Amino acid sequence: DAFLAMLEKDAKERAEQRKRNEQLANALKEKGNDAFRRGDFSRAIQRYTEGLERLRDKQELYTNRAQAYMKIQEYEKAIGDCEWALKCNEKCIKAYFLMGKAHLALKHYTESRQCYEKMLQMDPQKESLFKDCVNEVNLEEKRVKDEERAMKEIQSGNVAALSIKELLQRLGTPGQDILFYTGGIRILAEVMKDCTEQTLFRTNKGFSILGDNEAVGGAFCAEVKSPAEVELCVSLLLLWQAVCAGNEENQRVLVTQPGVSAHLPELLSSGILEIQRETLALISLYSENESGRKLLLRHQDLTRWLQILMAFVKCRDARAGSAMNILSDLIGEERFKAQCRVLLSTGVLPLFTHLLGCARLVNQAALARAIGIMGSLCADPGIRGRMAESRECWQGCLKLLDEGFDGSTPSCQECVFAVLGLMMNLLLESNGIIQDFAVDVSGRCLALLSHQDGRIVTRAIGVLSRVLPASSSAVEEVVKAGVVKKMIKFLKVGGQLTASYGTKTLGICTKSNRQAQEDLVKADKGFAVLLRLLESEEELVVGNAAFCLSQCLEVPGAGTSLLNSNVVLLLLRLAGGDAARTSVQGNAAIALGKLCVAEPRHVHQLRKLNGLAILNSSMKYVHSS
């Protein structure tokens with residue numbers, strides 16, 4: 001007993017000592033973190049080391065110290081600390097991440113990739129980080145090999161390699177005429193044939209020309225440029241295209257140059273055709289691939305880019321298409337969408353609504369793409385909400401449809417098609433502005449139902465299906481204009497999308513409008529169209545068709561017209577079925593109950609099919625409706 005008591009006392013004392021050590025180690029870790037944040041990495045290492053003397057198995061102290069070692073380029077020590085961290089916690093993702101970075105710095109490319117693979121194995125959700133890390137390894141390995149190959153070309157006396165070095169040296173000569181520099185830059189661009197020349201340009205400080213050469217830098221950054229300065233600027237842009245084409249390392253170096261990143265928006269807004277054209281071509285090298293887009297997002301302030309690039313819709317030449325290509329590339333990036341929010345209300349929307357209002361005077365092919373881009377932005381709820389609350393945006397959309405474009409050219413049709421898509425996205429919102437415009441919007445869509453382009457007709461029906469719930473006045477107007485008859489006509493021949501939009505539109509109209517109910521009974525003889533839609537594979541269509549039928553059974557004689565049909569069998573199957581949408585069972589049950597109330601002779605068919613139990617269960621839907 002005495003021995004056990006002694007063991008228990010010893011264990012208790014050890015636990016208390018560990019607790020005291022842990023408190024001290026945590027305090028030292030915080031002091032180390034403070035030093036790290038201040039950039040005092042030696043002091044941070046000292047504090048983490050003192051913490052480890054108190055508690056040898058504290059994983060955070062090892063990974064934090066590894067991070068500090070990396071800051072002072074002690075990569076081997078960093079790797080050692082990561083290995084100790086993994087002994088403390090074998091699932092420490094941070095240890096593998098830091099160890100991968102340290103191996104990369106030491107040019108241990110295989111080991112670096114292995115660390116990142118381990119990180120991904122432990123947490124598959126880190127796939128995006130894994131891709132970025134492995135891409136960084138691949139780029140660094142390629143950069144080193146490219147530079148070794150370029151150095152061999154210089155050492156072997158390769159004429160082309162030596163000429164690049166000589167040209168760059170001559171361009172560094174101060175005090176020359178601006179035409180001298182322009183000519184040299186043009187020659188350099190012409191000799192950029194492959195990766196070796198591109199690498200030699202980089203390793204011989206070709207990208208520093210803006211900062212090192214006062215004349216070149218001044219001409220490039222001048223707000224008002226002389227013809228000679230314009231020529232030099234264009235030459236420089238052509239050179240950068242040549243050295244960056246297919247070369248990710250050169251793209252990275254260029255976009256991190258302060259003079260370049262700060263002036264790209266100004267070049268795009270310069271109003272000088274040649275400069276704008278070549279700036280767009282340069283940016284396209286980045287936007288057309290994932291790594292290039294990430295470079296732009298990381299090193300560029302893109303808050304003004306949507307507005308700047310959209311302004312090119314006014315251009316009748318190829319600049320408009322180039323600008324829209326760049327926007328189409330960037331629009332899928334979440335960081336770009338976030339930056340677009342900043343100037344949406346004050347900059348982008350006023351320009352966009354102006355473009356909608358003068359559609360005949362701009363590049364219509366580019367305008368259609370710009371409208372589509374704004375529609376894609378509506379996937380962001382914040383952007384969609386602000387656009388849907390803009391009266392000017394709705395007015396612009398209506399004006400485009402008004403001036404619309406008679407469909408005389410493909411570009412006109414694309415603009416109409418695009419603006420209908422934008423309106424459909426905006427109608428995912430619900431607000432007073434939409435209610436105010438509902439009558440006008442539904443009227444324009446009704447007019448478009450006679451358009452020759454089937455895609456436009458389908459989208460017009462889609463807009464109707466979303467805008468009509470916002471306004472009973474809009475429902476009344478379209479019913480008076482014969483929308484029910486038109487919907488039945490399209491439902492007879494239309495595809496699945498038309499069926500989805502069309503049945504929803506009919507459901508909205510028949511829900512509260514007696515004329516719509518009567519129009520449907522007249523237009524759809526014996527409910528042939530609705531009965532066919534009840535057998536659709538699309539549950540949304542089936543549910544809406546059943547709802548329309550239930551509403552129309554209130555019209556005298558409607559139930560009698562179905563006596564020789566298979567409607568009871570169809571509704572029984574649906575009411576007792578297992579559709580994922582409960583509205584299918586509910587609407588079918590309501591229709592079944594109303595059918596038997598409207599025409600009692602259907603009860604006989606119901607008995608034959610042993611469906612009275614389903615009918616009884618459906619009565620709760622009938623009473624609630």
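Let's start with helices α13 and α14. Helix α13 covers residues 227-244, and helix α14 covers residues 248-255. This is a predicted model. In it, the two helices pack at an angle of about 140°, and their axes are 8 Å apart. Angles over 145 degrees would count as roughly antiparallel. So α13 and α14 are oblique to each other.

Who meets whom? From α13 come W240, V243 and C244. From α14 come N250, Q251 and L254. Four residues of this contact are nonpolar and two are polar. None is charged.

Next, D524. Where does D524 sit? In the loop between α31, residues 514-523, and α32, residues 528-533. D524 is buried, yet it has no salt bridge. Which side chain of opposite charge is nearest to D524? That is K492, 6.3 Å away. A salt bridge needs the nitrogen within 4 Å of a carboxyl oxygen. What does D524 touch, leaving out residues up to four places away in sequence? I488, V529 and L530.

Last stop, L98. This leucine lies in helix α5, residues 93-105. Is L98 buried or exposed? Its relative accessibility is 5%, so L98 counts as buried. The cut-off for buried is under 20%. Again leaving out residues up to four places away in sequence, L98 touches T63, A66, Q67, M70 and C82. Now take R65. L98 and R65 are 33 residues apart in sequence. In space, C-alpha to C-alpha, they are 11 Å apart.

To recap: α13 and α14 are oblique, D524 is buried without a salt bridge, and L98 is buried in α5.

Methods. Residues numbered from 1 in each chain as written. Predicted model: local features only at pLDDT ≥ 70, side-chain atom pairs only at ≥ 80, totals over all residues. Heavy atoms only, no water. Axes fitted to C-alpha atoms, helices over the stretch in contact; angles between N-to-C directions. Helix = DSSP H or I, 4+ residues; strand = E, 2+ residues; numbered from the N terminus. Parallel < 35°, antiparallel > 145°, perpendicular 65-115°, else oblique. Contact = heavy atoms within 4.5 Å. Nonpolar A, V, L, I, M, F, W, Y, C, P; charged D, E, K, R; others polar. Buried < 20%, exposed > 50% of the residue type's maximum accessible area, 1.4 Å probe, protein only. Lys, Arg positive; Asp, Glu negative; His and termini not counted.
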